[in-house]
Amino acid sequence: MISIPHKTKQFLVLLVKLLIVGGAFYFIYNQLANNDKLDWQKFLIQFHKNKSVLGISFILLLSVLNRLFEIMKWKYLVSCLRPISLGEATKQVLAGLTAGLFTPNGVGEYAGKALYFDKKETKKVVFLNLICNGIQMVLTIIFGVFGLLYFNAQYNVITTQTVFILFVACCLLFTILFFSKKINIKGYSIEKLIHKINEIPKSIHQKNLLLAILRYLVFSHQYYFLFLAFDVDLPYFILMSAITSVYFLASALPTFQFLDFAVKGGVAVYFLGILGVNEWIVVFISTLMWFLNVVLPVIWGSYYVLNFKSKALQ
């Protein structure tokens with residue numbers, strides 16, 4: 001086995017850190033500076049018209065709560081391995097978010113968090129992160145399906161026949177999964193996965209579920225309040241059904257974190273366009289959501305990446 005000198009190892013680690021942080025900032029700048037759909041002049045006019053210290057503080061508070069609930073979810077889940085402080089959980093979540101910024105569907109987040117633990121715990125950490133993100137995805141699907149059905153009932157985006165076909169397809173999928181749960185693929189099966197999930201204490205699952213619901217309500221309503229700030233006057237349930245539908249459909253598309261706002265923005269333009277909302281408003285709000293909930297945490301997370309000392313590399 002080739003032994004790498006300590007100084008060389010330090011240099012390589014520093015290079016990786018700089019590449020992660022540099023890449024993150026490059027992608028952020030590129031998306032904000034070169035997006036021709038962002039009409040900054042209209043935004044500034046709207047901002048000066050409706051600016052409010054209380055309103056801005058409230059929107060920022062929602063961003064803080066969004067990330068705080070995610071950090072608390074991780075803190076409780078990791079307690080299965082060892083207890084960590086809120087500060088340590090913050091470090092791991094934000095560093096993981098930064099590492100996952102330009103990887104498909106944020107898979108770099110899994111590796112970013114795992115590096116804070118011993119190598120022998122890597123599989124457990126990845127599994128816990130899967131549980132952490134999985135419950136959020138399940139809620140996105142549940143709220144999204146109901147939102148899409150409500151929106152469709154009002155505007156008939158897809159036909160009743162299509163809805164029925166999708167419902168039957170989902171039922172068939174769940175049936176297949178149920179009867180194939182004992183089938184092993186390279187030592188893995190749905191039955192084993194369920195068993196591993198059940199090994200986690202029920203109290204932790206309950207906290208994870210509660211925090212995931214709170215987080216979903218926070219970021220979906222942050223979207224809603226931003227539309228109100230841009231003078232979009234639509235009934236609450238109609239606008240929320242459009243928002244939940246956007247999150248549901250956008251989450252089904254493979255993407256990168258740095259392109260997240262573009263994907264959600266594209267889906268949102270379609271749904272909000274049906275409601276008569278100007279395209280530039282939809283694009284700007286999608287960008288603001290991305291900036292508040294991804295860019296700002298990544299800037300903070302970059303500090304942790306640069307000061308990162310992995311147990312696995314020592």
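Predicted model: local features only at pLDDT ≥ 70, side-chain atom pairs only at ≥ 80, totals over all residues.
How many helices and strands does the protein have? Side-chain values rest on heavy atoms, with hydrogens and water left out.

The protein contains 12 helices and 0 strands, where helices (H or I, at least four residues) and strands (E, at least two) are DSSP runs numbered from the N terminus. Of its 314 residues, 41% count as buried; buried denotes under 20% relative accessible area, exposed over 50%, and partly exposed the range in between (1.4 Å probe, protein chains only). Among contacts (heavy atoms within 4.5 Å) with a separation of 6 or more, 75% involve residues 24 or more positions apart. The accessible surface is about 17900 Å², and carbon and sulfur atoms account for 70% of that area, as computed by the Shrake-Rupley method with a 1.4 Å probe, only the protein chains shown counting as cover for residues.

Nonpolar cores were defined as sets of buried Ala, Val, Leu, Ile, Met, Phe, Trp, Tyr and Cys residues joined through side-chain atoms within 4.5 Å. The largest comprises 35 residues, and F227, L272 and V277 have the most contacts inside it. Two or more residues each come from helix 6 (122-155), helix 9, helix 10 (236-251), helix 11 (260-274) and helix 12 (279-306). Helix 10 gives the most, with 9 residues. Leaving aside residues up to four places away in sequence, V277 touches F227, V232, L234, L272 and V282. A second, separate core has 21 residues, including I84, A89, L128 and I204.

R215 is located in helix 9 (residues 202-229). R215 counts as buried because its relative accessibility is 12%. Its side chain forms polar contacts of 2.7 Å with the side chain of N66 and of 3.0 Å with that of E70. A polar contact is a pair of N or O atoms within 3.5 Å; within protein, one must be able to donate a hydrogen and the other to accept it, and residues adjacent in sequence count only if both atoms are side-chain atoms. With residues up to four places away in sequence not counted, R215 touches N66, R67, F69, E70 and Q136.

F164 lies in helix 7 (residues 160-179) and is exposed, with a relative accessible area of 55%.

Notes:
Residues numbered from 1 in each chain as written.
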